[in-house]
Amino acid sequence: MRTPDRPARARRGGPVRLARGTTSPHPLGTDASGQDLLSRVLYGARSSLLAPLALLALAALLGVTMGTVAAWRGGWVDTLLSRVTDVMYAFPGLLFVVLVIAVFGDGLTTSIIALGLAYAPTIARYTRSLALAERSKPYIDAYRVQGMSGTRICVRHLVPNLAGPIVGYLVVLFGEGLMSLATLSYLGFGAGSPSIDWGLMVQEGQDAVVQGALLPALVPGTAIAAVVVAFNIVGVRVSDRLGKGR
Amino acid sequence: MLLDIEDLTIELPAGAAARPMLAEVSLRVGRDEVVGLVGESGSGKSTTARAVLRMLPEGARASGSVRVDGEDVLAMDPARLRRHRSRTVSMIFQDPRSALNPVRRIGDFLTDPLTRVLGLSRRDAVAKATELLASVGLSEPERRMRQRPHELSGGMLQRVVIAAALSTDPDLLLADEATSALDATTQAEVLALLRSIQEERRRAGSGLGTLFITHDLPLAAAYCDRVYVMYAGRVVEQQPAHGLFADPKHPYTRGLLECSPSLGDDRAPRPIPGRPPSLSDAFTGCPFLPRCARAEAECETWAPVAVPFGGRGVDGDGSDEGGSAACRLLELVTRSSA
């Protein structure tokens with residue numbers, strides 16, 4: 001990655017002198033350790049953008065499986081899965097995540113898994129409603145009449161046909177996932193120093209705000225806000241397109 | 001007998017319906033035979049056909065027996081049932097457009113059962129599928145294989161569905177309103193196609209039985225060998241098609257025939273008064289009573305049973321001239337003549 005400066009090169013001196021405003025070698029200024037903010041934001045994009053992706057992959061795998069099984073089997077399976085989903089729904093997401101982290105220790109991987117579990121019920125519920133509608137379509141009956149097994153119909157035909165609206169939904173969830181992960185790093189549960197993460201950067205920069213240096217907290221904060229807004233706009237478009245296409 | 005349904009009763013869970021969806025339905029289809037099943041919407045035609053595949057409504061209880069080649073479908077284990085659905089019986093649906101997965105190619109729809117059920121290789125399956133498409137009269141079969149359902153017309157799609165239904169060489173074909181959604185010329189083509197398939201299979205010595213479901217009684221009487229008429233989940237009349245046209249025994253059958261106008265007849269079509277009963281209507285006697293022009297007070301307590309007439313009755317094969325009807329007045333006539 002090409003950045004104006006090495007993201008982890010600190011300079012000597014007290015924090016007040018080092019957290020400087022915009023200068024020509026540092027277009028977005030430096031943080032309290034004298035590290036170039038632009039370089040750090042760009043490097044931070046790696047974990048800040050890839051981690052929500054991993055989180056969504058886990059949540060989608062769990063959620064789509066649960067939702068499809070509930071819709072397909074119906075009866076007590078549906079009741080059980082729906083009640084589990086309801087309980088998860090009623091439980092504050094962040095509290096659940098903090099609980100998991102308290103048990104299994106902090107770190108990026110734990111927060112991704114914990115958030116993945118917290119997001120799965122939302123996706124499960126959405127998938128269930130889609131799958132219920134799709135399941136009643138005659139072409140599914142036609143496959144059953146051909147003697148195709150339920151698993152095969154679900155995996156090969158039902159779920160692929162739901163992919164459009166689910167992907168649209170996931171794009172919107174991406175922004176939310178990024179937010180949650182940044183929140184966790186900010187609170188010190190997620191990625192910790194010395195890794196570079198936007199949420200962590202905001203936390204590291206907040207001390208300097210009191211001393212009048214806004215940029216160290218503002219720059220990563222703006223990056224988070226921009227990505228979340230962008231994904232929400234794109235997500236709504238995508239889900240409109242894919243959801244109503246057929 | 002290829003298909004032998006005996007005393008099939010399907011009941012929904014208590015509270016969902018006031019009467020059984022199907023009540024003591026008995027129906028037979030022999031090899032080489034085309035049997036019609038006629039009735040208004042909600043009379044239980046489709047439920048009967050789906051019972052042959054054990055596709056019962058959710059939570060429903062079935063009693064009686066549905067035997068295909070002597071084996072009771074209602075007692076099959078899941079693996080046997082899947083084999084039964086994929087090999088022995090095929091179904092053709094009313095609306096081919098909704099019966100096909102909209103995002104899959106025509107070719108996938110046809111090759112899937114071939115590779116999965118018959119164990120053909122991918123290449124052989126494509127070759128056989130192309131051959132099948134040509135045999136049901138589709139032009140440019142190679143190109144059709146690569147097309148998606150929305151690119152084809154309704155009549156073409158129905159041919160695709162028929163090709164898929166025949167791909168695994170079933171013994172029994174269930175055609176559920178297979179031609180009702182098509183326009184008149186396409187309907188004629190599809191009927192001719194089904195006839196020619198029937199003929200081909202007869203000559204090959206592996207007779208195909210067809211259960212032809214329609215709401216169009218004149219069509220059924222013209223196309224089928226034998227016709228069953230259903231009303232409110234019961235078979236009210238069954239007899240050879242020509243007899244049904246010439247001499248309908250049950251007042252409901254007569255009513256259905258009078259509903260359709262015919263050429264050279266100045267009479268206006270006479271609809272049957274009233275409406276078909278819903279699942280929430282329960283009966284103490286004959287279910288057709290409120291709409292029957294010849295009803296008598298005793299009909300209110302008469303439990304419907306099939307009264308045989310003519311020939312050797314219900315037990316014969318397709319060539320049999322006899323039939324049966326579930327009408328009290330007919331019972332009086334036969335009893336007085338005996």
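# Notebook: chains A and B

**Where the chains meet.** I started with the contact between the chains, which takes 12 residues from chain A and 17 residues from chain B. Two residues are in contact if their C-beta atoms, placed from the backbone, lie within 7 Å. On the side of chain A that touches chain B, α6 (138-145) and α7 (150-187) of chain A each supply at least two residues. Helices here are DSSP runs of H or I with at least four residues, strands are runs of E with at least two, and both are numbered from the N terminus. I found that α6(A) gives the most to this side, with 5 residues. By class, the side of chain A that touches chain B has 4 nonpolar, 5 polar and 3 charged residues. Ala, Val, Leu, Ile, Met, Phe, Trp, Tyr, Cys and Pro count as nonpolar, Asp, Glu, Lys and Arg as charged, and the others, Gly among them, as polar.

**Ground rules.** This is a predicted model: local features need pLDDT of at least 70, side-chain atom pairs count only at pLDDT 80 or more, and totals for chains, interfaces and linings use all residues. Residues are numbered from 1 along each chain as its sequence is written, while chains are lettered from A and ligands numbered from 1 in the order in which they are written.

**Confidence.** I noted ipTM 0.78 and pTM 0.77 for the model. I then read the pLDDT, the predictor's confidence in each residue, from 0 to 100. Chain A has a mean pLDDT of 83, and 90% of its residues reach 70 or more. Among its elements, helix α1 (residues 15-18) of chain A has the lowest mean pLDDT, 53. Helix α5 (residues 108-135) of chain A has the highest, 90. Chain B averages 85, and 95% of the residues score at least 70. I marked residues 313-319 of chain B, where the pLDDT is below 50. Beyond near neighbours in sequence, this stretch has 13 contacts in the model.

**Records for the two chains.** I looked up UniProt, whose positions are given in the numbering used here; feature names are shortened, and annotations may be inferred rather than shown by experiment. An unreviewed entry places "domain: ABC transmembrane type-1" at residues 45-235 of chain A. That span is 86% helix and 0% strand, and its end C-alpha atoms lie 19 Å apart. For chain B, an unreviewed entry lists "domain: ABC transporter" at residues 3-257. This span is 42% helix and 24% strand, with end C-alpha atoms 27 Å apart.

**Chain B overall.** I see 12 helices and 12 strands in chain B. Its radius of gyration is 21 Å, close to the 20 Å that the globule rule gives for 338 residues, so chain B is as compact as a globular protein of that length. The radius is taken over C-alpha atoms, and the rule is 2.2 Å times the number of residues to the power 0.38. Along its principal axes the C-alpha trace of chain B spans about 65 × 50 × 40 Å. Of the 338 residues in chain B, 41% are buried. Buried means 20 or more other C-beta atoms within 10 Å of a residue's own, exposed means 12 or fewer, and partly exposed lies in between; C-beta atoms are placed from the backbone.

The largest nonpolar core has 146 residues, and Val52(B) and Leu211(B) touch the most other members. I note that α7(A) gives the most to this core, with 15 residues. Such a core is a set of buried Ala, Val, Leu, Ile, Met, Phe, Trp, Tyr and Cys residues joined through C-beta atoms within 7 Å. Not counting residues up to four places away in sequence, Val52(B) touches Leu3(B), Val66(B), Val68(B), Val73(B), Val89(B) and Leu174(B). In helix α1 (residues 45-52) of chain B, 6 of the 8 residues are buried. Val52(B) and Lys45(B) are among them. Just after α1(B), Arg54(B) takes a positive phi of about 55°.

**Two residues I picked.** Thr88(B) lies in helix α2 (residues 78-88) of chain B. Thr88(B) is buried, with 21 other C-beta atoms within 10 Å. Thr88(B) and Thr168(B) are 80 residues apart in sequence and 8.1 Å apart in space, C-alpha to C-alpha. Glu134(A) sits in helix α5 of chain A. Glu134(A) is partly exposed, with 19 other C-beta atoms within 10 Å.
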